[in-house]
Amino acid sequence: MTPLISVNKLSKRFPGVRALHEVQFELMAGEVHALMGENGAGKSTLMKILAGVYTRDSGDILYDGQSVAFASPREAQAAGVGIIHQELQLMNHLSVAQNIFIGREPRGRLGLFLDEDKLNAQAREILGRMHVPLDPRTLVGSLTVASQQMVEIAKALSFDSRVLIMDEPTSALNDAEIAELFRIIRQLKARGVGIIYISHKMDELKQISDRVTVLRDGEYVATVSTADTSVQAIIGMMVGRTLADVAPYEGPRSEGEVALEVKHLNAGPLVRDVSFTLRKGEILGFAGLMGAGRTEVARAVFGADPIESGEVFVKGVKAPIKKPSDAVAHSIGYLSEDRKRFGLATGMDVESNIVMSNLGKFLSMNLFLRRSHIRWTASHFINLLAIRTPSATQQVRLLSGGNQQKIVIAKWLERDCDVLFFDEPTRGIDVGAKSEIYKLLRALAEQGKAIVMISSELPEILRMSDRIVVMCEGRITGELSASEATQERIMHLATQRETLQAA
Ligand SMILES: Nc1ncnc2c1ncn2[C@@H]1O[C@H](COP(=O)(O)OP(=O)(O)OP(=O)(O)O)[C@@H](O)[C@H]1O
Ligand SMILES: [Mg+2]
């Protein structure tokens, strides 16, 4: 059988970066082929070349046995190669339906006017097929990241693609949404569509992929059949060494003083009567389903969203926080889950982003000292977090997705806050860097920082937390100590309202 796609000796350089070097890759019809590799390994670059976003420097691409070189995404799409990008590319000021059919909107009889009804009906049909309860008329900018991700997927499905590339499609989805996506993938596979699947969630590999190709430092490592290979072996190929796992939690440390106390906080429908305390040296896990209100609690405490009522105490003193700068003045930091919207100035360079939130400190120095200190700080964090960038003056938008996430972390570590909210800190981060970040969070706690870690990955919550607060529909439904917490108990609390309503 002729492969649907066959890539040979493909190379691509960016200024200062060898992104791909003589890479090979093959995709069969009806196959789900996972593409794995660490942050910056070259996965997105390879996919963007296939989808006509970038041009290659050298090498061959055969599509159905024919040599191709797509000059634009539109050309690739017309030939049947579709892509769902890692960073969402939607128009916030347009509706869901307009985003799905952008550039292909159905017209009225004279071809002059947009046929809104038809547009919305077509969008409703696709969303219905996906079992996604979204109103096609909603503005995309008002949706959660998870819903926006679903719109991207709907858009890709609206073309009848023969090859569908999915670059980290599940990074913002909850378990039910992932199950839905996998159902759609299996449907497409049964129709003979070839799917290239990129993810840093190792457990998804076994569930969905037939074969795996591993890239490392822009080079091809191997292609293996998923069924015959262990996840551990794939990780070994990705990182080129065996990973030391973070030691599991080892019982409570001595109790530190209270760093933050939140009392009866109300802020919108997703923050209802929320109270909790956080101690120095502690990692407090926030668990719950997507939309339970965890991010909203962090945003309210940080002053990013208005508080209706309730009080926040920092080290026992009442702290009236009305805007993020108030929170920062009280040494509270918040690492946003949505790095593009709140975390980064992507048009600025790496070092400016790292020192940005702490400019005052640098401005008090003279020009010469300032320059050298900024340089030193940036290179310190580039090393500490193993950020892959050709230099400290590279624009952040040119880094790979996972490396952008690391910049957000660096930025807040530089600020040296006493209380830190980490919202999905390992989203989009590769397995190796994940364990580095776990070690870092532990080290921060040991230095006496007080940490809230919001995460949708239960194993991560269980492994890292001293205590776990569980939320459901805007309320705290329970608190568990590390020793009593299990996945089952957390899930039970996370779905408590539903069980209550059913009873
Ligand atoms: N437009 C660009 N200009 C300059 N360098 C780039 C550009 N796009 C990617 N790179 C660099 O090429 C390398 C590969 O990046 P790529 O985005 O393909 O990685 P990735 O495997 O998708 O990583 P991640 O898991 O973090 O998404 C990185 O070093 C990145 O910084
Ligand atoms: Mg990528």
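Modeller: Below, we take the labels in turn and set each against its criterion. Keep in mind that this is a predicted model.

Biologist: How do you know that β1 and β4 count as paired?

Modeller: Pairing needs at least two bridges found by DSSP.

Biologist: Why are β12 and β15 called edge strands?

Modeller: Their sheet is open, with four strands in the order β12-β11-β14-β15 and antiparallel pairing. β12 (274-279) and β15 (317-318) each have a single partner strand, so one side of each has no neighbour in the sheet. Further in, β11 (residues 258-266) and β14 (residues 309-314) are joined by five antiparallel bridges, and Glu261 stands opposite Phe313 in β14.

Biologist: Which helix packs on that sheet, and which strands does the helix touch?

Modeller: Helix α9 (residues 294-301) does, touching β11, β12 and β14. The direction of α9 makes about 110° with that of β11.

Biologist: What about the sheet with mixed pairing: what is its strand order?

Modeller: The order is β16-β17-β18-β13-β19-β20, an open sheet of six strands. Its edges are β16 (332-335) and β20 (475-481), each pairing on one side only. Neighbouring strands are turned by 20° against each other on average, direction ignored.

Biologist: How do you know that β17 and β18 are paired there?

Modeller: Five bridges join β17 (residues 419-423) to β18 (residues 450-454); at least two are required, so the pair qualifies. These strands run parallel, and Val419 has Ala450 as its bridge partner in β18. Helix α18 (residues 487-494) packs on this sheet too, touching β13 (283-287), β19 (467-472) and β20. The direction of α18 makes about 35° with that of β19.

Biologist: Over to the ligand. What makes the Lys43 approach a polar contact?

Modeller: The cut-off is an N or O pair within 3.5 Å. An oxygen atom of ligand 1 sits 2.8 Å from a side-chain N or O atom of Lys43, so the pair counts. His200 also has a polar side-chain atom 2.8 Å from an oxygen atom of ligand 1. For Tyr54, a polar side-chain atom lies 3.1 Å from a nitrogen atom of the ligand.

Biologist: Last one: how do you know that domain 2 and domain 3 are in contact?

Modeller: Contact asks for heavy atoms within 4.5 Å. On that test 16 residues of domain 2 meet 10 residues of domain 3, so the two are in contact. Their centres, taken over C-alpha atoms, are 26 Å apart. The division of the chain is domain 1 (5-239), domain 2 (258-331 + 418-502) and domain 3 (347-416).

Key: Residues are numbered from 1 along each chain as its sequence is written. Chains are lettered from A and ligands numbered from 1 in the order in which they are written. This is a predicted model: local features need pLDDT of at least 70, side-chain atom pairs count only at pLDDT 80 or more; totals for chains, interfaces and linings use all residues. Side-chain values use heavy atoms; hydrogens and water are left out. Axes are lines fitted to C-alpha atoms, for helices over the stretch in contact, and angles run from 0 to 180 degrees between N-to-C directions. A polar contact is a pair of N or O atoms within 3.5 Å; within protein, one must be able to donate a hydrogen and the other to accept it, and residues adjacent in sequence count only if both atoms are side-chain atoms. Domain bounds come from an automatic or database domain assignment.
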